[in-house]
Amino acid sequence: MGLEMIEFHLDGRSGVSPYQQIVQQVRNALRLGLLREGDQLPTVKDVVAALAINPNTVLKAYRELEHEGLVQAKPGRGTFVTRTLTDNTLAAHGPLRQDLRRWLGKARKAGLDDESIEALFINTFRAAAHEDIA
């Protein structure tokens with residue numbers, strides 16, 4: 001187990017509730033192989049201190065993750081990952097991440113700010129997904 005521990009970030013603009021953002025960030029870390037079986041999630045106290053949110057919000061997120069069988073709370077010890085969401089595409093992530101970084105560099109050079117980059121990506125992603133369905 002590495003000493004790397006997931007750090008949560010909340011986006012007040014997202015329209016997604018803080019507890020859902022925590023759940024999503026854990027799921028994403030599990031999907032990307034950033035969290036592995038046996039890794040510990042930050043304590044509720046640490047998350048509350050870092051994000052200035054209600055402890056019940058963190059508990060709700062951790063309970064949902066536990067209900068999904070992704071983590072397990074061990075009283076007095078913390079919450080630990082019990083299952084990952086990685087699949088056989090993990091090997092492709094590195095090269096794809098490099099391509100995406102190059103694309104982000106081009107977007108920034110062209111003068112786009114973070115919000116514009118995010119809007120362009122999401123819009124293109126949804127349009128492509130829609131074309132795949134059609």
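# Reading helix packing and a hairpin in a predicted chain

Student: In what order do the elements of the chain run from the N terminus on?

Tutor: The order is α-α-α-β-β-α-α. The C-alpha trace spans about 50 × 35 × 35 Å along its principal axes, and of the 134 residues of the chain 25% count as buried. Among contacts between residues at least 6 apart in sequence, 55% join residues at least 24 apart.

Student: How should I read the packing of helix α2 against α3, and at what angle do their axes cross?

Tutor: Two packed helices are described by the angle between their axes and by the distance between those axes. Here the axes of α2, residues 44–51, and α3 come within 9 Å and cross at roughly 125°. That angle makes α2 oblique to α3, because angles over 145 degrees would count as roughly antiparallel and those of 65 to 115 as roughly perpendicular. The crossing of the two helices, α2 and α3, is right-handed.

Student: Which residues of α2 and α3 make the contact?

Tutor: From α2 the contact is made by Val-44, Val-47 and Val-48, and from α3 by Pro-55, Val-58, Leu-59 and Tyr-62. The residues of this contact of α2 with α3 divide into seven nonpolar, no polar and no charged.

Student: Turning to the strands, in which sense do β1 and β2 pair?

Tutor: Strand β1, residues 71–74, and strand β2, residues 78–81, pair in the antiparallel sense over four bridges. In β2, Thr-79 is the bridge partner of Ala-73. The two strands, β1 and β2, form a hairpin with three residues between them, and Gly-76 in the turn has a positive phi of about 80°.

Student: Where does Glu-66 lie, and is Glu-66 buried, partly exposed or exposed?

Tutor: Glu-66 lies in helix α3, which covers residues 55–67. Its relative accessible area is 33%, and Glu-66 is therefore partly exposed, since buried means under 20% and exposed means over 50%.

Student: Which residues is Glu-66 in contact with, if its neighbours within four places in sequence are left aside?

Tutor: With those neighbours left aside, Glu-66 is in contact with Val-71, Gln-72 and Ala-73. Ala-73 is the residue already named as the bridge partner of Thr-79 in β2. As for Gln-24, which is 42 residues from Glu-66 along the chain, the C-alpha atoms of Glu-66 and Gln-24 are separated by 13 Å.

Methods:
Residues are numbered from 1 along each chain as its sequence is written. This is a predicted model: local features need pLDDT of at least 70, side-chain atom pairs count only at pLDDT 80 or more; totals for chains, interfaces and linings use all residues. Side-chain values use heavy atoms; hydrogens and water are left out. Buried means under 20% relative accessible area, exposed over 50%, partly exposed in between (1.4 Å probe, protein chains only). Contact means heavy atoms within 4.5 Å. Two strands pair if DSSP finds at least two bridges between them. Axes are lines fitted to C-alpha atoms, for helices over the stretch in contact, and angles run from 0 to 180 degrees between N-to-C directions. Angles under 35 degrees count as roughly parallel, over 145 as roughly antiparallel, 65 to 115 as roughly perpendicular and the rest as oblique. A crossing is left-handed if the near helix is turned anticlockwise from the far one by less than a right angle, and right-handed if clockwise. Ala, Val, Leu, Ile, Met, Phe, Trp, Tyr, Cys and Pro count as nonpolar, Asp, Glu, Lys and Arg as charged, and the others, Gly among them, as polar.
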